Amino acid sequence: MAACFVGGLLVRYLYVFHWHPAKDYVFSDMQGYVHAAESFLDPAHVPDLNDTIFPPGTSWLLGGLMALHPDWKLFYAVQCVLSSLVPVLLAGLAWDLYGRRVALGTLAFASLYFPFFDYAGYVMSENPLTFCFAAAAWLLVRALRIGGSRAGLLCAGLSGVWLGLACSFKSTALACGGCTGLVLAALAWKHGLALKRHFLIAAAGLLLVLVPVAIRNTKASKGKFCLLANQTGANFLLGKYGRIRG
C-alpha cells in the first residue's frame, strides 16, 4: 500500500510538471478557463454574461496563482498537491466507514487511478472539484461520528464550506450534496437522530461560499438571479435547438 501511495506521488509530480504540463494543453474548455483567468486579472474587466457560463472557481484559482507566479509553476504545484491529497481523503473516509483494510485498499487504488492525476495536467475544474468534494464527504462523516461536541459541529461547518468550494468549481456538486443532505435528513427523522445543529452549521458553511458567488453571478447576469452558473440553461437551450453556434 505504501509503495502504491509513494509511486502515485512520484507519477503525479512527473505528470504535472514534465509529462503533461497544463500550459501545453490549452484548447477547448481549457482555453475558456484560461481566458476567464486572464479577464479576472484585468482590473478593467467588468464581468458579464459570458463570465457566468461556468462557475468561477477554476478561473479564480488559476488567475490568483498566475498573479503570484505567471510562469504557471505555482499552479502546477497546487494541482499536484490537491491530486496527491485526494487518495488520503478517500482513505480517511473509507477508514471511518469500513475500517483499516478497506482504507488501505482505497489508498492504493486511488493513488494509481489514472483520472485522479490526469485531470491535474489540465486547466479544468475536475481536479480541485474532486479534492473539495472528498474533503466535504470525509468531514461530514467525521462530524456524524464525533456527534454534537464542538469538534463535531466544527467538522459539520467545514464540510459545508468545502461543499461550497466544490460547487464553485462545478455546479453539479450542489446536486450531489443536496441529495446527500436529503438522505441524511430522512435517516435522522426515521431514527430520531439529533442532527439539527449539524445541518444548520453545515448550511451556514455552505452559504459562506455560495452567497458571494451568487452575488457576483447575478450582477454579471444583469440582475437576473444566477446561483453558480448559467451552463444548465445553456445546455437545455442546446438540447432544444442544437448547436446553433460554436
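This tour moves through a predicted model, from its aromatic rings to a pair of helices and one threonine.

**Aromatic pairs**

Begin by displaying the rings of the whole structure, where a search finds 13 aromatic pairs. A pair of aromatic rings is described by the distance of the centres and the angle of the planes. Select tyrosine 113 and phenylalanine 116, whose ring centres are 4.8 Å apart. The planes of these two rings stand at 80° to each other, and the pair is edge-to-face. Since angles over 60 degrees count as edge-to-face, the assignment follows from the 80° between the planes. Tyrosine 113 is partly exposed, because its relative accessibility is 33% and the class covers values between 20% and 50%.

Next, select phenylalanine 131 and tryptophan 162. This pair is also edge-to-face, with 5.4 Å from centre to centre and 85° between the planes. Colouring by helix shows that the pair links distant parts of the chain: phenylalanine 131 belongs to helix 7 (residues 126–146), while tryptophan 162 belongs to helix 8 (residues 150–169). The two residues are 31 residues apart. Which of the two classes, buried or partly exposed, applies to phenylalanine 131? Phenylalanine 131 is buried, because its relative accessible area is 10% and the limit for that class is under 20%. Tryptophan 162, at 25% relative accessibility, counts as partly exposed.

**A cluster and a charge over a ring**

Now select Tyr13, Phe17, Trp72, Phe75 and Tyr76, which together form one aromatic cluster. Then move to lysine 240, which is positioned over the face of tyrosine 241. The distance to the ring centre is 5.7 Å.

**Helix 9 against helix 10**

Select helix 9 (residues 172–191) and helix 10 (residues 196–220), and draw their axes. The axes come within 12 Å and cross at roughly 170°. Helix 9 and helix 10 are therefore roughly antiparallel to each other, as angles over 145 degrees are placed in that class.

**Threonine 218**

Finish with threonine 218, which also lies in helix 10. Threonine 218 counts as buried because its relative accessibility is 17%. What does threonine 218 contact once neighbours within four places in sequence are left aside? Its contacts are then Gly223, Lys224, Phe225 and Cys226.

Methods. Residues are numbered from 1 along each chain as its sequence is written. This is a predicted model: local features need pLDDT of at least 70, side-chain atom pairs count only at pLDDT 80 or more; totals for chains, interfaces and linings use all residues. Side-chain values use heavy atoms; hydrogens and water are left out. Rings of Phe, Tyr and Trp (its six-membered ring) pair if their centres lie within 6.5 Å; planes under 30 degrees apart count as stacked, over 60 as edge-to-face and the rest as tilted. Buried means under 20% relative accessible area, exposed over 50%, partly exposed in between (1.4 Å probe, protein chains only). Helices (H or I, at least four residues) and strands (E, at least two) are DSSP runs, numbered from the N terminus. A charge sits over a ring if NZ of Lys or CZ of Arg is within 6 Å of the ring centre and within 35 degrees of the ring normal. Axes are lines fitted to C-alpha atoms, for helices over the stretch in contact, and angles run from 0 to 180 degrees between N-to-C directions. Angles under 35 degrees count as roughly parallel, over 145 as roughly antiparallel, 65 to 115 as roughly perpendicular and the rest as oblique. Contact means heavy atoms within 4.5 Å.
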